[in-house]
Protein chains: 2
Amino acid sequence: MSHNGFNSWQAVQEEVLRRIQTHIWKPGDLIPHEADLSKEFGCARATVNRALRQLAEEGLLDRKRRAGTRVAAQPARKAKLEIPILRTEIEEGGMNYGYALLSCKSKAPPMSVKQRLQSAAGEKHLHVVAIHYANSQPFACEDRWINLKAVPRAESANFEEVSANEWLVNNIPFERGAIVFSAQSASSRIAKRLECDEGAALFTIDRKTMREQSVLTVVQISFAPGYQMHAVL
Amino acid sequence: MSHNGFNSWQAVQEEVLRRIQTHIWKPGDLIPHEADLSKEFGCARATVNRALRQLAEEGLLDRKRRAGTRVAAQPARKAKLEIPILRTEIEEGGMNYGYALLSCKSKAPPMSVKQRLQSAAGEKHLHVVAIHYANSQPFACEDRWINLKAVPRAESANFEEVSANEWLVNNIPFERGAIVFSAQSASSRIAKRLECDEGAALFTIDRKTMREQSVLTVVQISFAPGYQMHAVL
DNA sequence: GCACCTATTATGTACATGCTTATTACTTTT
DNA sequence: AAAAGTAATAAGCATGTACATAATAGGTGC
């Protein structure tokens with residue numbers, strides 16, 4: 001009967017994908033609307049909706065009410081990226097995780113950081129510097145500023161034992177954030193910390209974590225040379 | 001009536017988020033199951049399911065059949081990352097896009113590339129090298145190998161006019177891929193191409209695009225110093 | 001105690017239906 | 001012809017019901 005084999009949203013999605021990939025439906029084309037597709041595939045409209053919605057989320061389709069669904073002209077593929085959590089990443093790689101706190105002081109941040117923290121003049125913040133080791137080799141260097149006004153409990157935390165990263169994850173609820181990836185030349189200070197040559201190319205993550213309007217923490221993580229971050233399409 | 005204000009999946013999601021963020025439900029905790037939540041929120045189970053499913057996709061919840069739903073112990077937040085399409089990225093930044101083909105030859109790839117291409121000995125591939133400019137400044141250098149066996153039409157394409165990147169997007173339907181981000185020191189060759197100092201830290205993307213079992217193309221994109229890639233949580 | 005089977009259970013999914021909402025296309029007014 | 005109002009339409013969403021599937025808990029036999 002109605003069983004064309006498209007009785008699951010995955011099957012529908014695969015068929016739609018196939019039509020996009022074989023250029024039956026070309027980039028920019030308007031595709032039939034949900035009701036027609038559900039009739040063609042012999043399934044409910046909700047099933048077609050589920051399939052198309054996900055493809056739209058992935059950036060392969062553009063959908064607008066009333067206007068219909070069209071194949072994305074620029075399949076600006078969105079990759080999903082797992083933000084590395086240092087300890088987890090090292091341990092999953094079968095290596096031994098180590099951690100050392102280098103410094104943990106409350107002070108006024110330098111100009112460049114102050115801007116990112118959106119902090120007023122004279123305000124003090126907690127500055128935490130630490131190294132993460134994999135099999136006793138320096139793996140990454142963490143340089144973090146914590147807004148004590150937004151996270152007062154951080155003042156009494158002991159970052160000797162547990163990394164600021166983990167403490168924050170477990171103790172403060174956060175909402176939004178921004179991440180910037182870049183390549184940086186190792187400064188002499190960081191080269192010393194990571195035991196690498198000065199000027200080496202370091203993969204660097206800058207991360208800002210916010211709740212509502214206030215910045216909770218900004219952190220720069222510099223990875224030892226050779227680090228790679230993986231993502232899938 | 002049943003209107004507690006949780007009569008849409010977004011409202012349910014927000015409430016769940018709130019409970020996670022305020023540590024009413026702590027990392028690792030098992031949360032009530034869908035049926036209970038739907039009763040509490042006065043909505044259908046499908047609505048709760050929609051809300052929870054998305055949170056699970058975002059990495060905030062772990063869901064397993066029969067075992068129930070728990071708050072992710074490590075909210076290893078998955079960031080969504082838009083894979084940059086060079087031209088789009090440059091033009092959206094309000095800059096003028098330029099493109100120059102440096103080389104386009106069919107030849108046998110070096111050992112390191114051969115491995116990534118999963119190609120047999122002696123097989124030839126198309127090697128394309130090009131520069132992308134933003135406001136006449138070198139922005140990124142593209143070094144690509146195309147598997148002619150999998151994409152025979154590429155042989156007759158003219159990469160003087162349109163970049164290999166764009167040609168591929170418009171001409172070959174692709175499926176899966178892997179992406180690796182890293183920081184590399186500029187070799188003398190690449191430094192010359194990007195008009196930067198040798199040894200400068202370059203943000204680098206290695207990308208492999210596949211269909212079914214065959215590798216279609218591998219590409220390395222080296223960005224000029226100072227490039228940043230942004231993502232949101 | 002161990003291997004195997006079975007019942008239970010929470011999530012996962014499909015469907016029919018009906019309503020909502022954004023956007024377009026068409027019509028009317030100025 | 002431009003502006004404003006209106007109807008039609010396609011996606012979006014909510015719901016009740018039903019069944020599928022995976023993983024666990026508990027029991028059985030050895």
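**Exercise 1. Find which strand of chain B pairs with β4 (residues 78-82) of chain A, and how many bridges join the two.**

Start with the pairing: β4(A) is joined to β4(B) by 5 bridges, and the two run antiparallel. Strands here are DSSP runs of E with at least two residues, helices are runs of H or I with at least four, and both are numbered from the N terminus. Two strands pair if DSSP finds at least two bridges between them. Now pick a residue: Ala79(A) sits opposite Leu81(B).

A quick note before going on: this is a predicted model, where local features need pLDDT of at least 70 and side-chain atom pairs count only at pLDDT 80 or more, while totals for chains, interfaces and linings use all residues. Residues are numbered from 1 along each chain as its sequence is written, with chains lettered from A and ligands numbered from 1 in the order in which they are written.

**Exercise 2. Work out which element of chain B gives the most residues to the side that touches chain A.**

First, the totals: 42 residues of chain B contact 43 of chain A, with contact meaning C-beta atoms, placed from the backbone, within 7 Å. Next, the elements: those supplying at least two residues each include α1 (9-21), β4 (78-82) and β8 (176-185) of chain B. The top giver is β8(B), with 10 residues.

**Exercise 3. Describe what surrounds DNA strand C.**

"Near" means a C-beta atom, placed from the backbone, within 6 Å. Then look for the main contributor: α3(A) gives the most, 4 residues.

Note on methods. Contact = placed C-beta atoms within 7 Å.
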